[in-house]
Amino acid sequence: MSSTYILSGSYAAADQAGITLWALDLATGKLAKQAEVSGVERPSFLAVHPNGTSFVAVSETGDGEVAAYWLNPQKGLIQELNRQKTGGGHPAHITIDEDGQWAISVTYSGAHVTVHPLSADGSIGEMADSKRHKGSGADPERQDAAHPHSAFQLPGTNRFFVSDLGMDALVRYRLDLHAGTLEQEAVTKTAPGAGPRHLAFHPSEAFAYGVNELDSTVSVYAIHDKGLKEVQKVSTLPEHFTGTNTPAEIAVSRDGRFVYASNRGHDSIAVFRVKKGLLEPVGHADAGGAGPRHFTLVPGSPWIVIAHEESGTIAVKRIGGDGMPGETADVAETVAPVCVRLLK
């Protein structure tokens, strides 16, 4: 049986199993729980180390922390290594640089972008740098202040783009790979009230795709000299949908042919075909649960794994040749899942 492994993070309480390791059967799409760990409140977003034997998680609380873990997926073992403060409230996202030296997290309430070093054993060191965003946007409720929501590395470089939902901006930083310090280089503004949330890069073309939470759109960016320029904007919703909706995650297929975005409210996965970097709408697939906050595409397979915060489920759906998720192969119940990450 050929399997791969998935980690899920959640909005569980500290006394609940907030992080779970799953085995995904690549032939059938079935999920089997391998291990789980408690002890961290709201371990929402996860980042897997390139070594595949450790990972980090944010504790999305008012007194935010990042926690580091060692794991052995074959033996179903997860062990916490240590924790560090994020320097701000409600860390919502974390990423590890391509070389596995640094963890970059963002605090939604604290408006900080923070860097921590990673040791060879996977443990996380004391804060190396922190930068604070200041600003606001057009929406008085959601954009009253800066709210950095994610940090993504431009592949093959030491540049990171931070999507700031509150400022309607993508802020580009240069990371000093020796010192772990950040230098702000540029700011790309979105349309007022867009609310940029997450970003994904095309695997072979110089384009990036940003999902905007507040106006339910995807912005297409041309990448030039490590900078971003918006060249297209498309809706994530069907034409006549009038309900409340907040998109959450965006991803590009490994072959670069399709872009996917999750809709919370419409509870769908929006599918776009990529043509010379730009997007053509294909359609909307049922997400298989309520509140699809995050998902991951499993390379070399037809599977998309979707975490539904509101229904407390993780669904595995088969993607067809037309790029559309269709048949649901499995649904697993767990506490308020908000992140699913493939072990590398």
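This is a predicted model: local features need pLDDT of at least 70, side-chain atom pairs count only at pLDDT 80 or more; totals for chains, interfaces and linings use all residues.

Reader: In what order do the strands of the open sheet run?

Author: The order is 24-25-26-27, with antiparallel pairing. Strand 24 (292-297) and strand 27 (325-333) are the edge strands, each pairing on one side only. On average, neighbouring strands are turned by 25° against each other, direction ignored.

Reader: How many bridges join strand 24 and strand 25?

Author: Strand 24 pairs with strand 25 (residues 303-308) over 5 bridges. In strand 25, Ala-307 is the bridge partner of His-294.

Reader: Changing topic. What volume does the largest pocket have?

Author: The largest pocket holds about 1,400 Å³ of space. It is lined by 44 residues, and those closest to its centre are Ala-251, Val-252, Arg-254, Thr-296 and Leu-297.

Reader: Which strands supply at least two residues of that lining?

Author: Among them are strand 4 (43-48), strand 16 (196-201), strand 20 (246-252) and strand 24.

Reader: And how does the pocket lining divide into nonpolar, polar and charged?

Author: It has 25 nonpolar, 11 polar and 8 charged residues.

Reader: How many cavities of 30 Å³ or more does a search of the whole structure find?

Author: The search finds 1. The largest cavity has a volume of about 80 Å³.

Reader: Which residues line the largest cavity?

Author: The lining includes Tyr-11, Glu-60, Arg-197, Arg-293 and His-294. Strand 4, strand 16 and strand 24 each supply at least two of the lining residues. The cavity lining divides into 4 nonpolar, 4 polar and 3 charged residues.

Key: Residues are numbered from 1 along each chain as its sequence is written. Side-chain values use heavy atoms; hydrogens and water are left out. Two strands pair if DSSP finds at least two bridges between them. Helices (H or I, at least four residues) and strands (E, at least two) are DSSP runs, numbered from the N terminus. Axes are lines fitted to C-alpha atoms, for helices over the stretch in contact, and angles run from 0 to 180 degrees between N-to-C directions. On a 1 Å grid over the protein atoms alone, a cavity is a set of points where a 1.4 Å probe fits but cannot get out, and a pocket is an open set with protein on both sides within 12 Å along at least five of seven lines; lining residues have an atom within 4 Å of a point. Grid points are joined across faces, edges and corners, and a volume is the space filled by probe spheres set on the points. Ala, Val, Leu, Ile, Met, Phe, Trp, Tyr, Cys and Pro count as nonpolar, Asp, Glu, Lys and Arg as charged, and the others, Gly among them, as polar.
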